[in-house]
Amino acid sequence: MMKFGCNLSVFKPEKRRHLWLISGLFALVIMVHYLKFPNETIKGNFFSLEKFGWWDSNRGNETYQMANASFSAKKEATDLKNGLALENGSNAEPNRQKKTPFGPTNSTVQISIPPEMAMVSPSPLSQSVRDGTNATLVDISPSPEEVIVIKKMTSDRNISCENPMVKKMAMTQKEMGVVPFLEMKNMLFHNQSSYLLIKPLWPSIVDQELLNAKSQIENAEKIQDDDDDDLHAPLYWNVSKFKRSYELMEKTLKVYIYREGERPVFHKPDLRGIYASEGWFMKQLTTNTKYVTDDPRKAHLFYLPFGSHNLQRSLYVPDSHSFANLIEYLNAYLQLIRGRYPFWNRTCGADHFLVACHDWAAEETRWHMANCIRSLCNADLREGFQFGKDISLPETYMHFAQDPLKNLGGNPPSKRSFLAFFAGKMHGDLRPTLLKHWENKDPDMKIFGRMNRKDYAKHMKNSRYCICARGYEVNSPRVVEALSYECVPVIVSDNFVAPFLETLNWESFAVFVPEKEIPELKRLLESIPEKRYREMHERVGHVQRHFLWHNPTPQKYDVFHMILHSIWYTRVFRTTAAS
């Protein structure tokens with residue numbers, strides 16, 4: 001008999017059979033492991049963990065799980081435009097049969113974390129999504145430094161991203177009364193450095209880059225009012241800090257865009273209508289080679305590219321009065337991201353952001369995405385909008401997708417013959433009250449119900465003040481329309497957080513009127529001195545640039561860059577070092 005390191009002939013036949021049986025079972029186990037990991041890189045990682053000191057016999061599964069979760073991906077060089085191709089202006093009827101965020105069809109990235117070892121256990125819906133995807137596996141070998149951190153982390157099996165203060169603050173805000181504009185400013189700067197800070201679970205070089213940026217912004221060299229031709233200093237709380245922050249954004253910021261998600265909810269910008277802001281931002285970011293990176297290790301921010309309007313059109317059941325399936329759909333997508341990548345889990349979503357303009361987006365993203373930066377048109381303090389974390393998104397009614405600047409501008413003050421103007425549908429309870437007090441009551445107060453677009457624009461161009469009254473929600477496209485037609489906006493919407501509030505001093509170019517003061521509206525406007533009105537009108541002309549979309553290429557300081565800057569600024573001032 002042949003000898004294999006020992007003489008089997010010394011054993012009795014029964015013992016020899018037992019030994020062969022054990023050997024066969026061992027060989028079968030090895031073969032099963034081999035077949036479970038068809039990707040060569042993953043097989044290599046699995047069988048070399050102990051060799052490189054990555055395997056802990058006491059916490060084997062946990063260490064393997066976290067080693068895979070730590071990302072140093074080398075993905076295929078795929079053109080971003082091909083992966084996120086956008087159909088400009090398409091209004092195709094959405095497929096209402098699609099119930100899960102499967103895909104995308106031509107996705108090229110999947111982190112190879114086995115479902116049973118995902119850092120965060122996915123929901124049943126997201127589990128079925130992961131099982132069905134046809135994405136390509138990539139190498140995720142961690143660096144030695146990452147491995148040290150990973151092993152330290154694995155002692156905690158229950159990584160929770162719940163922040164009890166978020167829920168507490170949401171309940172407090174819902175019960176609050178009317179918050180004056182100046183108090184909003186105080187709340188904003190207080191909250192940026194308080195309960196919303198989340199320490200990352202392990203360090204990253206991007207955190208240090210952001211902390212360095214924060215220091216430079218806080219210590220920005222003072223710019224005199226006349227030193228900068230680009231920026232009109234009275235518009236800003238601190239023009240020096242804004243200019244330095246914007247420069248650092250241009251120099252530093254990198255955004256990673258997740259490729260997961262199926263159209264039309266994901267990766268399909270809606271470029272027309274009242275919710276167009278979210279679509280134009282998606283369109284211009286995904287084609288931007290300056291800010292977008294294909295390497296998530298270099299990303300300071302992670303974009304969740306969904307459209308809240310397309311979500312509503314695709315999944316809402318008419319007359320159901322329920323958001324439940326929309327919320328579950330987004331939660332399934334988020335669980336997919338959390339199970340596939342380590343980035344959300346590292347910061348509990350603090351470095352992730354979304355841009356959503358539909359009225360329901362605030363509620364749809366309120367709990368599962370509570371920690372991420374939400375840029376929302378429905379920026380209502382009573383509906384979960386959180387100062388210091390969330391961003392007010394300008395609502396733009398896009399009539400001309402090919403030429404967003406069409407019909408821009410208005411008459412000079414001397415040729416504006418109307419004191420105030422409003423026209424619109426009777427949404428909510430405030431607008432009927434406005435019409436009750438002022439429709440056909442005073443020749444200086446042009447207050448109407450619905451009006452055709454041509455006459456609407458004509459009245460805005462010929463009015464000194466344009467009334468921006470809320471509808472069902474606090475937001476209204478009239479704010480941007482007023483600025484576009486160089487009409488001083490009068491915001492009648494309690495607890496509405498104005499866009500770019502961390503940067504712009506809105507009281508320098510707009511008027512805020514409490515809803516209860518509607519009967520006194522004319523008296524309040526007439527009490528504004530002529531000099532003060534002309535000053536505000538001039539500033540409207542300066543601030544207008546921050547609210548304009550350009551097609552096809554964004555311009556410096558325009559609304560695309562201002563939205564991105566608000567998100568960048570919030571990320572910078574929410575950054576803290578890892579424990």
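**A buried serine and its surroundings**

Modeller: I'll start with one residue of this predicted model. Ser566 is buried, its relative accessible area being 0%.

Biologist: Which helix does Ser566 lie in?
Modeller: Ser566 is part of helix α21.

Biologist: And what is Ser566 in contact with, leaving aside its neighbours within four places in sequence?
Modeller: Ile391, Phe500 and Glu502.

Biologist: Staying with α21, at what angle do the axes of α11 and α21 cross?
Modeller: At roughly 85°, and the two axes come within 10 Å. Helix α11 covers residues 276–286, and α21 covers residues 559–573. Angles of 65 to 115 degrees count as roughly perpendicular, so α11 and α21 are roughly perpendicular to each other.

Biologist: Which residues make the contact?
Modeller: On the α11 side, Phe281, Gln284 and Leu285. On the α21 side, Phe560, Ile563, Leu564 and Ile567.

Biologist: How many of those are nonpolar, polar or charged?
Modeller: The contact of α11 with α21 has 6 nonpolar residues, 1 polar residue and no charged ones.

Biologist: Changing topic, what about the sheet? In what order do the strands come?
Modeller: The order is β1-β2-β3-β4-β5, which makes 5 strands in an open sheet with parallel pairing.

Biologist: Which are the edge strands?
Modeller: β1 (255–257) and β5 (391–392), each of which pairs on one side only.

Biologist: Where does α11 pack on that sheet?
Modeller: Helix α11 touches β1, β2 and β3. The direction of α11 makes about 130° with that of β3.

Biologist: How many bridges join β2 to β3?
Modeller: There are 2 bridges, and the two strands run parallel. Strand β2 spans residues 301–303, while β3 spans residues 352–356.

Biologist: Which residue is the bridge partner of Phe302 in β3?
Modeller: His352.

Biologist: Now the whole protein. How many helices and strands?
Modeller: The protein has 21 helices and 10 strands.

Biologist: What share of the residues is buried?
Modeller: Buried residues account for 56% of the 579 residues.

Biologist: One last thing. Among contacts between residues at least 6 apart in sequence, what share joins residues at least 24 apart?
Modeller: That share is 77%.

Note on methods. Residues are numbered from 1 along each chain as its sequence is written. This is a predicted model: local features need pLDDT of at least 70, side-chain atom pairs count only at pLDDT 80 or more; totals for chains, interfaces and linings use all residues. Side-chain values use heavy atoms; hydrogens and water are left out. Axes are lines fitted to C-alpha atoms, for helices over the stretch in contact, and angles run from 0 to 180 degrees between N-to-C directions. Helices (H or I, at least four residues) and strands (E, at least two) are DSSP runs, numbered from the N terminus. Angles under 35 degrees count as roughly parallel, over 145 as roughly antiparallel, 65 to 115 as roughly perpendicular and the rest as oblique. Contact means heavy atoms within 4.5 Å. Ala, Val, Leu, Ile, Met, Phe, Trp, Tyr, Cys and Pro count as nonpolar, Asp, Glu, Lys and Arg as charged, and the others, Gly among them, as polar. Two strands pair if DSSP finds at least two bridges between them. Buried means under 20% relative accessible area, exposed over 50%, partly exposed in between (1.4 Å probe, protein chains only).
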